[in-house]
Amino acid sequence: MTAATVTTTPAPMNIWDVYWGLRVEQCPCDVHFVEWLEEQGVSGKRIYHFGTGGHHYVGIRCAEPELDCTVLGITASPKEYDSFVKLATENPTITKTYSAYFGDIYTSNARLLPRFDIVTLFHSCEFRHAMNDAYGALTDLEVMRLFTAQTDAGGHILFYTGSFAYAAAETVIAEWAASSPVREVAAFKTLRVFAKTA
Ligand SMILES: C[S@@+](CC[C@H](N)C(=O)[O-])C[C@H]1O[C@@H](n2cnc3c(N)ncnc32)[C@H](O)[C@@H]1O
């Protein structure tokens with residue numbers, strides 16, 4: 001290294017340093033989502049899920065033959081990711097339909113993503129802070145637009161009205177809905193359901 005070399009420490013990822021078990025009273029979005037899938041008679045769909053939790057409820061339930069959906073889930077929690085490694089190790093069959101990855105949804109890149117039929121954005125506006133700006137992360141609106149683009153026409157994008165950040169998310173959702181090929185088609189328990197129209 002020469003004297004002129006400048007070294008900088010990259011900004012660390014804004015991880016979620018918590019393990020979230022299934023707490024249906026406090027946060028029923030994942031359970032409501034699976035109930036919505038069941039009510040719709042959904043089967044064989046490709047799902048993207050924002051916020052696996054350490055319980056991996058969506059991935060596990062969607063692997064059941066009645067739903068038979070694939071789920072790609074993201075977690076920003078190292079402990080939750082560890083719990084996916086344990087789940088996959090003990091039950092490798094689940095990896096045929098469920099994969100969880102560790103990352104920040106705000107650094108998503110379309111070139112790393114497949115197409116989806118259903119996208120959950122339940123935790124919009126909950127966890128994006130100035131810390132994410134330090135590494136050029138996307139905004140919530142940009143994430144909504146990116147995952148809308150990854151969703152096939154006729155697919156669905158869902159939001160969670162019980163989120164502690166819903167007041168902020170509601171404003172962003174309104175801006176996204178007004179500028180995207182989507183139409184709100186249903187309210188299901190705590191969830192808002194949009195269909196992609198084109
Ligand atoms: C409160 S937990 C809810 C988990 C689950 N959806 C539930 O309702 O039980 C929030 C989830 O969002 C994930 N999360 C938080 N910030 C994230 C980020 N920037 N990118 C991806 N996932 C994130 C956490 O890892 C965690 O799984």
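Q: In this predicted model, which elements do the buried residues of helix 6 pack against?
A: The buried residues of helix 6 are A169, I173 and W176. In this predicted model, these buried residues pack against two elements, helix 5 (140-149) and strand 5 (151-160).

Q: Why do the buried residues of helix 6 lie on the same side?
A: The residues concerned are A169, I173 and W176, whereas A167, A174 and A178, on the other side of helix 6, are exposed.

Q: How far apart are the end C-alpha atoms of helix 6?
A: Helix 6 runs over residues 166-178 and has 13 residues, so at 1.5 Å a residue it should span 18 Å. The model agrees with this expectation, since the distance between its end C-alpha atoms is 18 Å.

Q: Which element supplies the largest share of the largest nonpolar core?
A: The largest nonpolar core has 36 residues, and I157 and F159 are among those with the most contacts inside it. Among the elements that each supply at least two residues of this core are helix 5, strand 5 and helix 6. The largest share, four residues, comes from strand 5.

Q: Which elements give two or more residues to the shell around the ligand?
A: Around the ligand there are 20 residues, of which G51, G53, A76, I105 and F127 come nearest. The elements that give two or more residues to this shell are helix 1 (29-40) and strand 2 (70-75).

Note on methods. Residues are numbered from 1 along each chain as its sequence is written. This is a predicted model: local features need pLDDT of at least 70, side-chain atom pairs count only at pLDDT 80 or more; totals for chains, interfaces and linings use all residues. A residue is near a molecule or strand if its C-beta atom, placed from the backbone, lies within 6 Å of it. The expected span of a helix is 1.5 Å times one less than its number of residues. A residue is buried if 20 or more other C-beta atoms lie within 10 Å of its own, exposed if 12 or fewer, and partly exposed in between; C-beta atoms are placed from the backbone. Two residues are in contact if their C-beta atoms, placed from the backbone, lie within 7 Å. A nonpolar core is a set of buried Ala, Val, Leu, Ile, Met, Phe, Trp, Tyr and Cys residues joined through C-beta atoms within 7 Å.
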